[in-house]
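Have the viewer open and follow along.

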Amino acid sequence: MTQRFAPADLADLPHIEPDEIQPIDVDALAAPGVARHPPRVLILYGSLRARSYSRFLAEEAARLLRLFGCEVQLFDPAGLPLPDDADADHPRVQALRELATWSEAMVWVSPERHGAITAVMKAQIDWIPLSLGGVRPTQGKTLAVMQVSGGSQSFNAVNQLRVLGRWMRMVTIPNQSSVPKAFGEFDDDGRMKNSPLYRRVVDVCEELAKFTWLMRDRADYLTDRYSERVESADEVSRRVNQATH
């Protein structure tokens, strides 16, 4: 029998069709014996405006991901310094890096400005290093990308976010969301209106939850690379065989 959500689970999601939304089948995705704690998802958005559509979309994604059983944290970029304009021990930088390390998955939501992601979005990504104390805080983690724009449909921002996700060695899911003319897609309370665009956001969140379960405890094996094993072996050889004085 197909599992269904209880009405109380959908109370804050009025546009969801109760008969069509299904809980994540963890047993179909997770490897045997892996931890069953809720997937930990960090959401970043790329605007500081009081009425920020990227933040509204991020908050909508957070509600949906919680419905799908995830533990979600949103990072507020207010007060985050520009990269190289502060030390890495800046409190806002430390808060961002701690959340990046904590997370198993991320959602990046950027406005499209001048055909590109915003500086606010890029600064957050640039503050997350490829290596942090010998640990790669993003490698093997799952990623979903979304964008909002003031004009017609565009994919410039999500395409750039995909490039950045690959550079950060993340597993970016196939689905994505682009919300054109975002000023008309959210109500006065910042809630997304019911439309095919909203249903795509549901798809993205469902897919991210599934891929995150699928990757749990498999990421280390999937990202184990021949070239890095050779490099590591060379380093060990040089250390062991170095001349003594």
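**A strand on the inside**

Start with strand 3, residues 105-111: seven of its seven residues are buried, so the strand is largely enclosed by the rest of the structure. Keep in mind as you look around that this is a predicted model.

What covers the strand can be checked face by face. In a regular strand the side chains alternate between the two faces of the sheet. Here, Ala-105, Val-107, Val-109 and Pro-111 sit on one side of strand 3, Met-106, Trp-108 and Ser-110 sit on the other, and both sets are buried.

Now look at the partners of strand 3. Strand 1 (residues 40-45) runs parallel to strand 3, and five bridges join the two. To find your place there, pick Leu-42, which stands opposite Met-106. Strand 4 (residues 142-148) also pairs with strand 3 in the parallel sense, this time over seven bridges.

**Charged pairs across the chain**

Next, the charges. Side chains of opposite charge can pair when their charged atoms come close.

Glu-104 makes a salt bridge with Arg-216, with 2.8 Å between the closest N and O atoms. Because Glu-104 is in the loop between helix 2 (91-102) and strand 3 while Arg-216 is in the loop between helix 5 and helix 6, this pair ties together parts 112 residues apart in sequence. Are the two partners buried or exposed? Arg-216 has a relative accessible area of 4%, so it is buried. Glu-104 comes in at 15%, and since buried means under 20%, Glu-104 counts as buried too.

Another pair joins Arg-136 and Glu-228, whose closest N and O atoms are 3.4 Å apart. Arg-136 belongs to the loop between helix 3 (119-127) and strand 4, Glu-228 belongs to helix 7 (residues 226-240), and 92 residues separate them. Glu-228, at 17% relative accessibility, counts as buried, whereas Arg-136, at 36%, is partly exposed.

Then there's Arg-63, which meets Asp-12 in a salt bridge of 3.4 Å, N to O. Arg-63 sits in helix 1 (residues 53-67) and Asp-12 in the segment before strand 1, so to speak a link between distant parts of the chain, 51 residues apart. Both are partly exposed: Arg-63 has 22% relative accessibility and Asp-12 has 43%. These two also belong to a network of salt bridges that links Asp-12, Glu-60, Arg-63 and Arg-191.

**The open spaces**

Finally, look for the gaps. Rolling a probe the size of a water molecule over the atoms shows where empty space is left. The largest pocket holds about 530 Å³ of space. Its lining has 22 residues, and the closest to the pocket centre are Gln-139, Gly-140, Lys-141, Ala-219 and Asp-220. Helix 5 (196-215) and helix 6 (219-222) are the elements that give two or more residues to this lining. By class, the lining of the largest pocket has nine charged, nine polar and four nonpolar residues.

The second largest pocket has about 210 Å³ of space. Its lining includes His-15, Glu-17, Ile-21, Asn-194, Tyr-198 and Arg-199. Sorted by class, the lining of the second largest pocket has five charged, four nonpolar and two polar residues.

Definitions and conventions: Residues numbered from 1 in each chain as written. Predicted model: local features only at pLDDT ≥ 70, side-chain atom pairs only at ≥ 80, totals over all residues. Heavy atoms only, no water. 1 Å grid on protein atoms, 1.4 Å probe; cavity = no way out; pocket = protein on both sides within 12 Å on 5 of 7 lines; lining within 4 Å. Points joined across faces, edges and corners; volume = space filled by probe spheres on them. Helix = DSSP H or I, 4+ residues; strand = E, 2+ residues; numbered from the N terminus. Nonpolar A, V, L, I, M, F, W, Y, C, P; charged D, E, K, R; others polar. Buried < 20%, exposed > 50% of the residue type's maximum accessible area, 1.4 Å probe, protein only. Pairing = 2+ DSSP bridges. Salt bridge = Lys/Arg side-chain N within 4 Å of Asp/Glu carboxyl O.
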